[in-house]
Structure formats: structure tokens, C-alpha cells
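Subject: Structure handover

Hi,

Here is the structure for you to look over. My notes follow below it.

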Amino acid sequence: MNAAVARQPVGCLKAALRRTRFQRSWQRCMATEAASPSIPRTAFSQRQHMEQQKVAKFQIWPQVPSPRATHPDPMPALKQQEIARLDPTGARTRLFSREHADSAKVGDVLMVTTKAGEPFSGAFIQLRRRGVDTAILLRGQMMKVGVEMWFKIYSPTVTGIDIIWRKPKRARRARLTFMRKPKHDMGSVDNLVSAWKKERYALRSKAKQGGGRQVR
């Protein structure tokens with residue numbers, strides 16, 4: 001008890017010192033800062049001020065409206081325009097259309113005629129739909145060697161695409177890559193092409209004979 005009584009005045013003195021320190025710090029915070037002397041404007045600062053005035057007087061035009069507001073994606077319209085230019089009659093589009101009943105299907109035998117070289121005939125094993133770059137893959141045989149060629153149906157170098165033979169049953173696959181194996185390879189299609197040419201020649205001759213009789 002005597003020790004506690006002896007320590008009590010010391011504790012009161014410490015509390016008084018803390019209060020005085022807090023009051024001094026509060027007075028320093030509330031004291032106003034002395035006003036800094038004004039710095040005279042130099043030549044460089046005057047030049048900057050003139051440049052700022054010029055920029056402030058510069059007229060800012062409103063932003064030009066983006067064409068995406070009216071045409072969000074112009075590529076589909078551009079592709080349709082190119083297809084209409086390359087295929088004005090729409091015959092090739094209908095030949096490989098999904099909605100058309102008489103369109104060519106994978107498994108059929110097609111013959112493609114180009115401006116340079118002889119026509120190439122082979123089995124239609126794949127169709128790659130890419131808009132203007134739509135292409136077909138034909139597999140034929142030359143000199144008893146299997147040959148595959150890609151043809152773009154809208155290419156200006158392709159003058160004609162004919163269906164030589166239609167497959168009796170619809171193929172269950174979109175890509176007949178299994179025909180590359182010897183077991184399923186169709187081989188040469190020259191016999192089908194020759195039979196198609198004979199039938200076409202016979203139909204033309206009959207049409208000419210019928211037209212000549214009507215004229216007489």
C-alpha cells in the first residue's frame with residue numbers, strides 16, 4: 001500500500017505532461033501556414049501561358065459517327081456481292097446448296113472443266129463452305145495413281161461443273177476420306193464419263209432431229 005501511495009504523484013505528473021504535449025500538437029495543426037511569396041512570371045512561363053491560350057482557342061470538331069452503327073459487320077454483305085458478281089445466274093450456288101433437292105452430294109462423280117488443261121473428273125469426297133472461297137475436293141485416278149484436286153466453285157478459271165453419276169444411297173458422312181484406302185477407293189471413273197458423254201450426245205442428236213422435222 002505504501003508503494004502505491006508513493007507512485008501516485010508520479011502518475012499525475014505523467015498525465016499532465018501528456019496533456020501539454022497534446023495541446024501543443026493541436027495548436028500546431030490549427031496554425032495557419034505562412035503565405036509563400038509570389039514568384040515573378042519568367043519568360044518561359046509567359047511562353048507557356050501563350051501556348052495554353054492558343055490551345056484553348058483551337059476548335060475541336062465533333063467525332064465522325066462510325067459506320068458500325070448502320071453496318072455492324074460488312075463482311076457478309078461484301079461476300080454476297082462478290083458471289084453475285086462471280087455467279088450471276090446462281091447455278092453454282094444451287095448446285096451445292098443444302099436446300100436444293102438436285103444439288104450435288106458427297107459420293108457423286110463430278111467433272112470440272114477449266115480454261116487451262118483437260119477436264120478433271122473424280123469422286124466428290126469433301127465440300128468446304130467458305131463463302132466466296134467455297135471449294136470441292138475430287139478424287140480421281142491418273143496413270144493408275146490416286147489424285148486429289150481442290151476446285152473453287154466461284155473461280156473465274158472454272159468454266160463448268162457437271163454431275164456425271166449420282167450415288168444411289170446418301171452418304172452418312174460429310175467427308176468421305178475413307179475412300180483413300182484401297183478397300184474403298186473408287187478407282188478410275190473414265191467408264192462413267194464415257195457413258196455420260198454418249199448419253200448426252202444421243203440426247204442432243206434427238207433434239208436436233210426433232211427440231212429439223214418441226215421446221216419442215
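Two strands count as paired if DSSP finds at least two bridges between them. Six bridges join β1 to β5, and the two run antiparallel. Please note that this is a predicted model.

**Overall layout**

The protein has five helices and five strands. Along the sequence the order is α-α-α-α-β-β-β-β-β-α. Of its 216 residues, 22% count as buried. The accessible surface is about 18200 Å², and 56% of that belongs to carbon and sulfur atoms. Take the contacts between residues at least 6 apart in sequence: 53% of them join residues at least 24 apart.

**Strand β1**

β1 is mostly covered, with five of its six residues buried. Val-109 stands opposite Ala-123 in β2. The hairpin of β1 and β2 has five residues between the strands. Gly-117 in that hairpin takes a positive phi near 95 degrees.

**Cores**

Which residues touch the most other members of the largest nonpolar core? They are Phe-96, Leu-110, Phe-124, Ile-136 and Leu-138, out of 23 residues in that core. β1 (109–114), β2 (120–128), β3 (135–142) and β5 (158–165) each give two or more residues to this core. β2 gives the most, with four residues.

Phe-124 is worth a look in your viewer. Leaving out residues up to four places away in sequence, Phe-124 touches Phe-96, Ala-104, Lys-105, Val-106, Gly-107, Asp-108, Leu-110, Ile-136, Leu-137, Leu-138 and Leu-176. Another core, of six residues, lies apart from the largest one. Its members include Val-109, Met-111, Val-189 and Val-193.

One general point about strands. In a regular strand, side chains alternate between the two faces of the sheet.

**Salt bridges**

The structure holds five salt bridges. Three of them are described here.

- Asp-133 and Lys-152 meet through their side chains at 3.8 Å, N to O. Asp-133 lies in the loop between β2 and β3 and Lys-152 in strand β4, so the pair ties together parts 19 residues apart in sequence. Asp-133 is partly exposed, at 41% relative accessible area. Lys-152 is also partly exposed, at 41%.
- Arg-139 and Glu-148 meet at 3.0 Å, N to O. Arg-139 has a relative accessible area of 12%, so it counts as buried, the cut-off being under 20%. Glu-148 is partly exposed, at 29%.
- Glu-148 and Arg-180 meet at 2.8 Å, N to O. Glu-148 lies in strand β4 and Arg-180 in the loop between β5 and α5 (190–215), so this pair ties together parts 32 residues apart in sequence. Arg-180 is partly exposed, at 41%.

Salt bridges that share partners join Arg-139, Glu-148, Arg-180 and Asp-185 into one network.

**Surface**

Where does Met-143 lie? Met-143 is in the loop between β3 and β4 (145–152). It is exposed, because its relative accessible area is 79% and the cut-off is over 50%. Met-142, Met-143 and Val-145 form a nonpolar patch on the surface. Together the three have about 360 Å² of accessible area.

Best wishes

How values were computed: Residues numbered from 1 in each chain as written. Predicted model: local features only at pLDDT ≥ 70, side-chain atom pairs only at ≥ 80, totals over all residues. Heavy atoms only, no water. Core = buried A, V, L, I, M, F, W, Y, C linked by side-chain atoms within 4.5 Å. Buried < 20%, exposed > 50% of the residue type's maximum accessible area, 1.4 Å probe, protein only. Contact = heavy atoms within 4.5 Å. Areas by Shrake-Rupley, 256 points an atom, 1.4 Å probe, with all protein chains shown as cover. Patch = residues over 30% accessible without salt bridge, like charges linked within 9 Å, V, L, I, M, F, W, Y side chains within 5 Å. Salt bridge = Lys/Arg side-chain N within 4 Å of Asp/Glu carboxyl O.
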